[in-house]
Every structure is written in structure tokens, then in C-alpha cells.
Amino acid sequence: MHEEDNSSCCCGGHAEGAGSGPEKRLGWHEYFMSVAHLISRRATCTRGHIGAVIVRDHNILSTGYNGAPSGMPHCNDTNCRIYRSTHPDGTVEENCVNTIHAEINAIAQAAKHGVSIKDADIYITASPCIHCLKVLINVGIRTIYYDKPYKIEHIAELLRLSGVRLVNVPSEQP
Ligand SMILES: [Zn+2]
Ligand SMILES: [Zn+2]
């Protein structure tokens, strides 16, 4: 007894079958977070590679990654220049003085080209630092989707007071 395989559909896919099913279509969150990860690969600060995508109505309005201002030497050529700051809760954090964060670069790109980002959302490969969150609030971002958590305890109060939503969209990428 042998049945002919006639389950192929007109687009070349198969209705079912071990490992040969049609590729799963990306959902919107997965799609924009994947773009943020791709963009992070342009980052130049050796302290971390972050990507950000500003989105409204399923359209990408602006993108950014962390790195030095345009035309300035990048950290991966000249090394990071680290400064330390102490949070009011006593924790000490280190940042790179050369670098503009990905979220701010995405906002700067929108400003440069006259793109309104009011009432938009942002996808970031890591949750924002408190300084970027303050700017995201003021440009009218409604929801922040992030992959990896970064010191969320430092932004919890500001999130609560501002009403900006922070939503985890974990990716399968490393
Ligand atoms: Zn750096
Ligand atoms: Zn930041």
C-alpha cells in the first residue's frame, strides 16, 4: 500500500509533514524586535550593542543604534571612555562618555528628517536607562517593547508616574 504525496499546495508548500511544513509567519512584535537586533549589529560601542526601532501603525518611522556622534571616532577604533555615576539607591554604574544611546539616536534621526514620533511605540533590544526614558516620555512614546532587561528597578517609579508602558518581547536571538 502506497499513497502518492499529493499534499503540496500551489505555492510549493506542504499541508503537513515532518519538518517540511510552511515557515511560520513572523508576528509584528517578533518582526520589529528582529529588526532592532539587526540594527544593533551596526553599534560601535564595545560596552554593548543596542538597536532601537520607532514604530506607529506597523510602520517603521526611525531607527538607531548606540555609537559616537556622526563623524566622531568610534569606540571600536579608539576604546570606550568610561565614567562612573552613583544612582540615588547607592548602586554605581559605568557608562561610556563617547556614546549616544540607541533610543536617542532613533529620536535624533526622526528630528533630522522632520518625522513626528508622537504616540508611537519603540522596540529596543534592551530596556532603556533612566536618561533615555525621560526623553522617550517627552517625545510622546506610548509603549516601550524591550528584549533584555537593564536595571528596570531604576526606571520603575518613572514608568508608573508617566503612564508609559514597558512590555517584554523576548527574542530567541542570543
Ligand atoms: Zn563606548
Ligand atoms: Zn539610555
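Residues are numbered from 1 along each chain as its sequence is written, and chains are lettered from A and ligands numbered from 1 in the order in which they are written. Because the model is predicted, local features need pLDDT of at least 70 and side-chain atom pairs count only at pLDDT 80 or more, while totals for chains, interfaces and linings use all residues.

Helices (H or I, at least four residues) and strands (E, at least two) are DSSP runs, numbered from the N terminus. Helix H3 spans residues 102-112. Its buried residues are Ala102, Glu103, Ile104, Asn105, Ala106 and Ile107. Here a residue is buried if 20 or more other C-beta atoms lie within 10 Å of its own, exposed if 12 or fewer, and partly exposed in between; C-beta atoms are placed from the backbone. The buried residues of H3 pack against strands E1 (51-56), E2 and E5 (121-126), and against helix H4 (130-138). Gly114 follows H3 and has a positive phi, near 70 degrees.

In H4, the buried residues are Cys132, Leu133 and Leu136. They sit on the same side of H4, because they cover an arc of only 100 degrees around the axis. The arc is that of the directions from the helix axis to the C-beta atoms. An α-helix has 3.6 residues a turn, so residues three or four places apart point the same way. The cover over the buried residues of H4 includes H3, E5, strand E6 (143-148) and helix H5 (156-162). Just after H4, Gly140 has a positive phi of about 90 degrees.

Leu61 belongs to strand E2 (residues 59-65). It counts as partly exposed, because 19 C-beta neighbours lie inside 10 Å. Beyond its neighbours within four places in sequence, Leu61 is in contact with Ile54, Val55, Arg56, Ala110, Val115, Ile117 and Ala120. Contact requires C-beta atoms, placed from the backbone, to lie within 7 Å. Leu61 and Val115 are 54 residues apart in sequence, yet their C-alpha atoms are 7.1 Å apart.

Most residues other than glycine have a negative phi. Asp57 is exposed, because it has 8 C-beta neighbours inside 10 Å. Asp119 is exposed, with 12 other C-beta atoms within 10 Å.

Conventions:
Contact = placed C-beta atoms within 7 Å.
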